[in-house]
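Subject: Structure for your review

Dear colleague,

Please find the structure below. A summary of the findings follows it.

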Amino acid sequence: MTVIESTSPTARTDLCKAAPRAHPRPDGQDHYTISEVVSFTGLSAHTLRWYERIGLMPHVDRSHTGQRRFSNRDLDWLAFVGKLRLTGMSVADMVRYAELVREGEHTFEARADLLERTRRDVVDRIAELRDTLAVLDHKIQFYADARAGRERG
């Protein structure tokens with residue numbers, strides 16, 4: 001999810017895009033085992049298999065012995081899914097998004113709608129967290145003032 005600032009109809013600047021994380025191996029040499037992906041992502045092997053089973057993970061190639069072989073593209077997808085998880089998006093919505101991606105470009109509008117709805121939810125959560133932070137700051141200041149009063153008196 002990216003915030004875009006538009007200065008003109010044709011010029012768009014991506015304000016939130018972080019530099020992409022470097023892949024452990026260059027494209028073409030990017031055949032990772034599940035244990036390597038576990039160490040790169042922090043996800044468990046169980047979670048990776050579950051993502052594949054429920055359709056959240058696109059088809060993962062297999063070696064001639066049947067071992068999963070993940071690619072840099074798979075690592076990028078898992079990083080994106082991690083961001084979606086942080087937004088609080090439901091697993092059902094993440095799976096729906098993955099299905100839309102697999103269906104192709106004609107689903108851009110549906111994908112954008114899903115991400116825009118999620119973005120609105122995130123903005124609402126940020127506002128709630130700011131309010132909560134203000135309450136905590138007020139209470140912390142109250143206790144700091146009370147301590148200072150006791151030390152003076």
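A salt bridge is counted here when a side-chain nitrogen of Lys or Arg lies within 4 Å of a carboxyl oxygen of Asp or Glu. The model is predicted, so local features need pLDDT of at least 70 and side-chain atom pairs count only at pLDDT 80 or more, whereas totals for chains, interfaces and linings use all residues. Residues are numbered from 1 along each chain as its sequence is written, and side-chain values use heavy atoms, with hydrogens and water left out.

Salt bridges

The search of the whole structure finds 6 salt bridges. One of them joins the side chains of E103 and R96, at 3.7 Å from N to O. E103 has a relative accessibility of 43% and counts as partly exposed; R96, at 37%, is partly exposed as well. (Buried means under 20% relative accessible area, exposed means over 50%, and partly exposed lies in between, with a 1.4 Å probe and protein chains only.)

R117 and D93 also meet through their side chains in a salt bridge, at 3.1 Å from N to O. Because R117 belongs to helix 5 and D93 to helix 4 (residues 91–103), this pair ties together parts that are 24 residues apart in sequence. Helices (H or I, at least four residues) and strands (E, at least two) are DSSP runs, numbered from the N terminus. R117 is partly exposed at 36%, and D93 is partly exposed at 24%.

In a further salt bridge, the closest N and O atoms of E52 and R68 are 2.5 Å apart. This pair links distant parts of the chain, with E52 in helix 2 (residues 45–54) and R68 in strand 4 (residues 68–69), 16 residues apart. E52 is buried, its relative accessible area being 18%. Salt bridges link E52, R62 and R68 in a network.

Helix packing

Two packed helices are described by the angle between their axes and the distance between the axes. Helix 3 (residues 72–87) packs against helix 5 at about 50 degrees, and their axes are 10 Å apart. Axes are lines fitted to C-alpha atoms, for helices over the stretch in contact, and angles run from 0 to 180 degrees between N-to-C directions. Helix 3 is therefore oblique to helix 5; angles under 35 degrees count as roughly parallel, over 145 as roughly antiparallel, 65 to 115 as roughly perpendicular and the rest as oblique.
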